[in-house]
Amino acid sequence: LFRSSRAAEALRKRAASRGKSPAFLTLLGKILARWASFEHQLGDLPKAKALYEESLKVLKRAKNRKALGFVLSGLGLEVEGLGGYRESEVYYRKALAVYRAERDKAGTAWALNNLGHLSRRLGEHAAALKLCQEALRYYESAEDPQGLGWSHNLIGDILHELGRYEEARHHYQQGLSVYVESGDRKGVAWSFTNLGRVIEATGDFNGAKQMFREGMALDKEFGDRRALAWVSLLMGQTCWALGDYEEAQRHYAEGEKLYQETVDPRGTAWSLDLQGNLAVALRDFDAADRLYDRSQSILKKEGTNPLSQGWHCYHKGTVQFFKGHIPPAEKWFKKSFGHFKKIKEPLGQVASLTHLGETALEKGQLKAAEGYFTQALDLALPIRLIPHVVDLLVALAQLLKARKDERSALVFLVAALNHPTCRRQTKDRIVQFANRLEARFTTDEVQDAVQQAKASRVEELAQAWLAGARLSGKPPRPKKPVRLKKR
């Protein structure tokens, strides 16, 4: 960063006398772009954006079309990071056009991957998968191992979000193999971390911790503090899910420290949000509120976007909800849902709708609660956000109890409790709720409900709810096809 900025400043001073030379302008434009890339890595997105814009103007004057692809891609990354998703798509498509005109296979693949990553963030998973698969083919023809590994990991991320965990794991392992063969140890560490994420999604929390340890060991070996910060926070989340709150706090604090050392404000804000979640689990709501506010104050300085605003509103609503302040909690959750809906972010929408349903339950508005829960399931099931479907079953059990259908409520609770992705906080909540319900039934009735829950998959129960079915003693079964009579 220091050298590129000094070089750019020196060339700027000479631009007055030699500013019309295409070779000089090309050199200045490339150095400005390199300076911008370092600012991006240090987390200063507004400054990186300004430098890329200056570089773009200089290279246009130089009429150097080939160098424009890198700058346009960089501009897209900065604008995307600042929340301008549709504007960033324009830059990525311009970069793609430049690379295709220059017949640059690696550049074309890079632009396709950027478009795929953006489509994933916008919830357009089918388009994202198609773009990244096309990028993978370009990298294969260009024999670019780093690009191949990157594409495999991006495809893995898309499949991961779609709930296609085995396919995601396959691509992460393919990426890992490519990086091992090419000797790219950073790529190996990244692939281990991604494998940990997909293993955690299937409920194997201890297996995920082992993958994260592998990634952390490599990151420590070559001193990648930013990667270490990321894995530390992921490890903390896994410990949080297991109920090991002390170890989770240790990892969160380590991640925060590393992000501060690498001057990454957004990473620091994320670590504070996670610590706020932990404080909520420990019922220290005032501490959680302070941590969420600190995170938001950091993001305001950096430039907020709908995603960060959505999570801040969601977190504020969570604190108010657990404090028993239902009307302000409802207002926060409505705000968070609005932000997430604007950018088609499914995870945030599901989380907000679930809590809106719970606030409606607290107010005795059963019909409104059913609407919110059903809408959340409609979003969560197609892309297999199974941990959130498990949370929704617990919420639906509360609704069933309020409707005096306590036996079905018990079936939903036991099915959620037995699912491998059920987190410690959810388990504690289920056990407390289920114990109150069990007292109303005979031992045989409880055993019957437990057997029914074991025979019913979480997804089947959720689909039965969406179909308008209610459990009445047997797990839901698929309807038989209707045969048309011949006339």
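## Helices α11 and α12

In this predicted model, helix α11 passes helix α12 in a left-handed crossing. The former spans residues 205-221 and the latter residues 225-242. Their axes lie 10 Å apart, and the two helices pack at an angle of about 160°. Angles over 145 degrees count as roughly antiparallel, and α11 is therefore roughly antiparallel to α12.

## Helices α16 and α17

A left-handed crossing is also found where α16 passes α17. Helix α16 comprises residues 306-322, and helix α17 comprises residues 326-342. The two axes come within 8 Å of each other and cross at roughly 160°. These two helices are therefore roughly antiparallel to each other.

## Helices α2 and α3

Helix α2 covers residues 22-41 and packs against helix α3, residues 45-62, at an angle of about 165°. The separation of their axes is 8 Å. This angle makes α2 roughly antiparallel to α3. The crossing of the pair is left-handed. Sorted by class, the residues in the contact of α2 with α3 comprise 14 nonpolar, 5 polar and 5 charged.

Between the C-alpha atoms of A33 and L56 the separation is 8.4 Å, while the two residues are 23 residues apart along the chain.

## The two sides of helix α9

Helix α9 is formed by residues 165-182, 18 residues in total. From its first C-alpha to its last it reaches 26 Å, which is close to the 26 Å expected at 1.5 Å a residue.

The buried residues of α9 are Y165, A168, H171, Y172, G175, L176, V178 and Y179. Around the helix axis these residues cover an arc of only 165°, so they are on the same side of α9. The face turned away from this buried side carries the exposed residues E166, V180 and E181.

G348 belongs to helix α18, which runs over residues 346-362. Its relative accessible area is 0%, and G348 is therefore buried. In sequence, G348 and R164 are 184 residues apart; in space, their C-alpha atoms are 20 Å apart.

L413 is located in helix α21, residues 406-418. With a relative accessibility of 0%, L413 likewise counts as buried. The C-alpha atoms of L413 and T318 are 22 Å apart, and the sequence separation of these two residues is 95 residues.

## Positive phi values in loops

R283 is not a glycine, yet has a positive phi of about 65°. This residue is situated in the loop between α14 (265-281) and α15 (285-302). The relative accessibility of R283 is 53%.

How values were computed. Residues are numbered from 1 along each chain as its sequence is written. This is a predicted model: local features need pLDDT of at least 70, side-chain atom pairs count only at pLDDT 80 or more; totals for chains, interfaces and linings use all residues. Side-chain values use heavy atoms; hydrogens and water are left out. Axes are lines fitted to C-alpha atoms, for helices over the stretch in contact, and angles run from 0 to 180 degrees between N-to-C directions. Helices (H or I, at least four residues) and strands (E, at least two) are DSSP runs, numbered from the N terminus. Angles under 35 degrees count as roughly parallel, over 145 as roughly antiparallel, 65 to 115 as roughly perpendicular and the rest as oblique. A crossing is left-handed if the near helix is turned anticlockwise from the far one by less than a right angle, and right-handed if clockwise. Ala, Val, Leu, Ile, Met, Phe, Trp, Tyr, Cys and Pro count as nonpolar, Asp, Glu, Lys and Arg as charged, and the others, Gly among them, as polar. The expected span of a helix is 1.5 Å times one less than its number of residues. Buried means under 20% relative accessible area, exposed over 50%, partly exposed in between (1.4 Å probe, protein chains only). The arc is that of the directions from the helix axis to the C-beta atoms.
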